[in-house]
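Student: I have a two-chain model open and would like to learn how to read it. Can we go through it feature by feature?

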Amino acid sequence: MAEVKIPIGPQHPALEEPELFLLTVDGEEIVKAEMRIGYNHRGMEKSAEFRTFLQTLYLFERICGICSHSHTTCYILAVEEVAGLEIPERAKFIRTLVGELERIHSHLLWLGIAGHEIGFDTLFMYSWRDREFVLDILEEITGNRVNYGINTIGGVRRDIPEGKIDDYLKALDILEERCQYYAKLAFEEGTLAARLSGVHYLSKEKAIELCACGPMARASGVATDVRFEEPYLVYDQIPFNLVTYDSGDIFGRTVVRVLEVIESIKIARYCLQNMPPGEYRLEKVPKKIPEGEAFSRYEAPRGEDVHYVRSDGGENPYRAKVRAPTMQNLLATMESLKGSYIADAPIAIASMDPCFSCTDRIALVRDIRSGKESRIRFRDLSKYGKGGER
Amino acid sequence: MTAELVQILLFPGFVFLFAYAMFVEWFDRKAYALMQNRVGPPWFQPFADFIKLMAKEYIIPRRANPLFFLLLPTGILAFVLTTIVCLPIASNRALYPFEGDILVVAFLLTAASIVIFLMGWFSNNPFTIVGGTRAISQMISYEVPLLFAILTPAILAGSWSITEITAYLRANPILLIIQLPALIIALIALQAKLERVPFDIPEAETEIVGGPLAELSGRGLALFHLATDIEMIVGVTLLANLFLGGFSANPALGLIEFFVKTLILVFILTAMRTVMARVRIEQLVLFCWHKLVPIALVQVLIAVLIKGWWLT
């Protein structure tokens, strides 16, 4: 039989975003895996240069629908470092709280998707039902279910409603109970372990070599977490555990994420109980940010998020650079795909919790028949935009 | 002649099976939804789906074989519907029982599975071809335990006719307990035959986009879904006959017994699909050949011994 190429994507039920994984298969085994990214390029870094620092914040909120708070917090930490602003303690706690609630919602979302990929729709329905608890809390705190828009330069936009804290704690208790049940299920339920153990194996050495990050690296036994390595916001005050698992497979990633949800619930509870009184935002924030540059790291639900901001003393950022965690995990994912089965490809791709819209920095156009890629230089692009020569 | 035509066309023939297939699909989907904490579809949803699909355009892809693309959806429906001739439905007697009809039913159901493979092959698309080959690998795994399982009551009753086997087992209900393992094996194999979770490997929506059915649309898809629903009814009716003592001769009682027994079996199949994740193809093959076949062989051996020493 001639070699069969199975395209996963750009349109495929297993993918949430358009992206192409071309798998060359021999029977059921994958012998070669190629990928093509760039279907979601939106030119956000460039458009940030034409917006003020505050407008860029709301633009970056839309980099990713799930980890929107991660991107804004990472960006705002860099901006505040350049501007030399010290934000109130209460604002830090609120940012941390929303960040952890976001992690819970992101991980539960992933758990559901993973269940769906392996044909376990009941897990999908259950975990998404439980995710509603967090989304309700987030909606009450921030006003939105996703794209919270809570950050602002110099603090947060809204305060936590005082009387509601007990309700939130109660909802978190129910959620923790459910997550303990999922953790128990992961360890005891036979088909789930049989389906996920040993699949898409990534060794510790490979994980370090290919710069994997986030739950993917932690499931391979690499103890990496920005919240520990370089505590930002109030993570240095909060007691919590770094979850690692050394199986290196998708089962490990599932366990790590479920246990991380439980840790996040603890952090969120700590934040709610120990919220310091006082102001939640600075009275006055300069419109122009002084000249300088800053680099900030943030532990997003998917891994390490990195933002770089440079100001030339004006109202707009001179350069804002985003490096989303998916970018780092792609190499490790593609490497481990070789030698696994087609049946495992969707869950293997899903196991890094991909977010391709955060990742794409370039769009390449390829003629399907000739296979040629055409590129356009920036100068030509700007001429094209002005309606000049083509 | 007229009476038989009515039986084939109306009850328990095409019209009844069509209506019951729609009901069973709704029952399956509703129970599945309730167990997942969802609302589930209204009772007429399967009808609505069927009518909508029938009204849609039937697209034949350029790369597909048009002749087979037209024939196969009708073919699979024909195969599963033909089984009603030899299968007692809501009564203690099939329309035309004869010695050996149990093998005819088994053959027709296998033919339906082969149609799924052919559908994938003649659609000529990477997803459908992979799905088709998976369907064949799956078939050679579950067919053997399934046949061994239905062999057990045949040996015990000493007959190859479903009607006679059922009559014999109804007279000796104690034997139903002895062949309980065979029922469990047959249920698992039936789940694999119907390509439902955890054995929906050939269709695997998230991996190969529906497998053999990926290119189907409109009428073809509607007929395929209908055939799968009827295949499920035929399957559970066969098991109810062979393992649960069949149905009463009294028409009203027989109908009630038919509904109760088939719905219990359908519910077990639904529960199985609720609580499990999809297995991989090689896990299924190993499971069938390493676990199911030995148990089925032991069961057949027990049946032979009982038949030899006790029943004669």
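**Reading the model**

Tutor: Start with chain A. Among its contacts between residues at least 6 apart in sequence, 70% join residues at least 24 apart. Keep in mind that this is a predicted model.

Student: Next, secondary structure. How many helices and strands does chain A have?

Tutor: Chain A has 15 helices and 10 strands. Chain B has 13 helices and zero strands. Read along the sequence, chain B is therefore written α-α-α-α-α-α-α-α-α-α-α-α-α.

Student: How do I judge whether a chain is compact?

Tutor: Compare its radius of gyration with the globule rule, 2.2 Å times the number of residues to the power 0.38. For the 312 residues of chain B the rule gives 20 Å, and the chain has 19 Å, so chain B is as compact as a globular protein of that length. For chain A, with 390 residues, a compact globule would have a radius near 21 Å; the chain has 22 Å, which agrees.

Student: What are the spans along the principal axes?

Tutor: The C-alpha trace of chain A spans about 70 × 65 × 35 Å. The trace of chain B spans about 60 × 50 × 40 Å.

Student: And burial?

Tutor: Count neighbours. A residue is buried if 20 or more other C-beta atoms lie within 10 Å of its own. Buried residues make up 46% of the 390 residues in chain A. In chain B they make up 50% of the 312 residues.

Student: Let me try one residue. Is B:Ala296 buried or exposed?

Tutor: B:Ala296 has 25 other C-beta atoms within 10 Å, so this residue is buried. B:Ala296 lies in helix α13 of chain B, residues 281–309.

Student: Which residues does B:Ala296 touch?

Tutor: Leave out residues up to four places away in sequence. B:Ala296 then touches B:Pro145, B:Phe148, B:Ala149, B:Ala182 and B:Ile185. B:Ala296 and B:Leu183 are 113 residues apart in sequence, but their C-alpha atoms are 9.9 Å apart in space.

Student: Now domains. How is chain A divided?

Tutor: Check whether a domain is made of one stretch or several. In chain A, domain 1 covers 4–38 + 360–385, and domain 2 covers 44–355. The C-alpha centres of the two domains lie 27 Å apart. Their contact takes 12 residues from domain 1 and 13 residues from domain 2.

Student: Which elements of domain 1 give two or more residues to that contact?

Tutor: They are β1 (4–8), β2 (20–26) and β3 (29–36) of chain A. β3(A) gives the most, with five residues. By class, the domain 1 side has nine nonpolar, no polar and three charged residues.

Student: How do those strands fit together?

Tutor: The three strands form an open sheet in the order β1-β2-β3 of chain A, with antiparallel pairing. β1 and β3 stand at the edges with a single partner strand each, so one side of each is left without a neighbour in the sheet. Direction ignored, neighbouring strands are turned by 25 degrees against each other on average.

Student: How many bridges join the pairs?

Tutor: Five bridges join β1(A) to β2(A). Seven bridges join β2(A) to β3(A). Follow A:Thr24 across the sheet. A:Thr24 in β2(A) is the bridge partner of A:Lys5, and A:Thr24 also stands opposite A:Lys32 in β3(A). Elsewhere, A:Phe21 stands opposite A:Met35 in β3(A).

Definitions and conventions. Residues are numbered from 1 along each chain as its sequence is written. Chains are lettered from A and ligands numbered from 1 in the order in which they are written. This is a predicted model: local features need pLDDT of at least 70, side-chain atom pairs count only at pLDDT 80 or more; totals for chains, interfaces and linings use all residues. Domain bounds come from an automatic or database domain assignment. Two residues are in contact if their C-beta atoms, placed from the backbone, lie within 7 Å. Helices (H or I, at least four residues) and strands (E, at least two) are DSSP runs, numbered from the N terminus. Ala, Val, Leu, Ile, Met, Phe, Trp, Tyr, Cys and Pro count as nonpolar, Asp, Glu, Lys and Arg as charged, and the others, Gly among them, as polar. A residue is buried if 20 or more other C-beta atoms lie within 10 Å of its own, exposed if 12 or fewer, and partly exposed in between; C-beta atoms are placed from the backbone. Two strands pair if DSSP finds at least two bridges between them. Axes are lines fitted to C-alpha atoms, for helices over the stretch in contact, and angles run from 0 to 180 degrees between N-to-C directions.
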